[in-house]
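Open the model in your viewer and keep the selection panel at hand. The tour moves from one stop to the next.

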Amino acid sequence: MSRAAIDVAGVPGVPESALAADVLDRLPGSAPAPWRTRLSAVVWVHRAAPAALQQLDPALRRRHLPVTVGAFVRYADTPVGPYSEVLASPVVLLDHGIPAASIPFIAVESLASIHGGRANWSLPKTLASFTWRTPQPGFGVQGAGRGWGVTAAARVAGPRIPLAAAGRDVQPTPEGGELVAGLTVRGLGRAARVRVDVDGPTLPRWLLSGDHAGLVLSRARMTFGVPRRR
């Protein structure tokens, strides 16, 4: 698949993922897929709200688990350098029996990552600023963009244990198709309760504020695969 086939300005997403014209004008080039990264993260889950499924492209509203996943990620190393990210998947898709995410909301502090996410995987990345309240992620973080904000504070419990997982990301394209990419992650996880506060025009309807089950992931490596068109 040619990256030039993706209209980076037209990638579908929720209103909070809209890309302002002044940001679009400043986007540099970026590295092609696959991306191999090192990261740490705060992840939480909650039962999907009634409005959750409506955040996805109609073609993706198929077999799924009613579970919403949110995350703050701190990338120590990527093909476009280190950066922070916040994202959410309204439900967990079952893509031919394989767990998959479709992400209509994702924001980063890196212009090169915005271009790479949109051009490689049709991820609707937008620009945000981040404040980590402790030296290591997973204990307090805030992400904010134009008209929205998400805050998470984690209380960890128990030992760190090795974790490994694989899945897929499925994203609608501007012209109406789908891109499917494999994801793998391996690292150390620690159970947590994550207090989340969400503000914005649409996010609070489906990415719910409250105290949620989650984990803090550290010393992790994740690979975002080369997508295929479907």
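In which strand is the place of Ala-191? Select Ala-191: the residue sits in strand E13. Strands (E, at least two residues) and helices (H or I, at least four) are DSSP runs, numbered from the N terminus.

Before going on, note that this is a predicted model, in which local features need pLDDT of at least 70 and side-chain atom pairs count only at pLDDT 80 or more, while totals for chains, interfaces and linings use all residues. Residues are numbered from 1 along each chain as its sequence is written, and side-chain values use heavy atoms, leaving out hydrogens and water.

**Stop 1: around Ala-191.** Ala-191 is partly exposed, because its relative accessible area is 47%. The classes are buried under 20%, exposed over 50% and partly exposed in between, with a 1.4 Å probe and protein chains only. Now show its contacts (heavy atoms within 4.5 Å). Not counting residues up to four places away in sequence, Ala-191 touches Arg-155, Val-156, Ala-157, Gly-214 and Leu-215.

**Stop 2: the cores.** Select Phe-72, Phe-105 and Val-150. These have the most contacts inside the largest nonpolar core, which has 34 residues. Such a core is a set of buried Ala, Val, Leu, Ile, Met, Phe, Trp, Tyr and Cys residues joined through side-chain atoms within 4.5 Å. Strands E1 (35-47), E4 (83-89), E7 (105-108), E9 (129-132), E11 (148-156) and E13 (178-199) each give two or more residues to this core. E13 supplies the largest share, 5 residues. Another core, of 26 residues, lies apart from it; Leu-19, Ala-20, Trp-35 and Ala-101 are among its members.

**Stop 3: backbone details.** Go to Ala-33 and Pro-34. A cis peptide bond joins them, with omega about 5 degrees. Pro-34 is in the loop between helix H1 (21-24) and E1.

Next, Ser-122, in the loop between helix H2 (111-121) and strand E8 (125-127). Its phi is positive, about 60 degrees, although Ser-122 is not a glycine. Ser-122 is buried, because its relative accessible area is 0%.

Finish on Arg-219, in strand E14 (residues 210-224). Arg-219 is not a glycine either, yet has a positive phi of about 50 degrees. Arg-219 is exposed, because its relative accessible area is 73%.

**Zoom out.** The protein chain has 2 helices and 15 strands. Its C-alpha trace spans about 45 × 35 × 35 Å along the principal axes. Of the 230 residues, 53% are buried.
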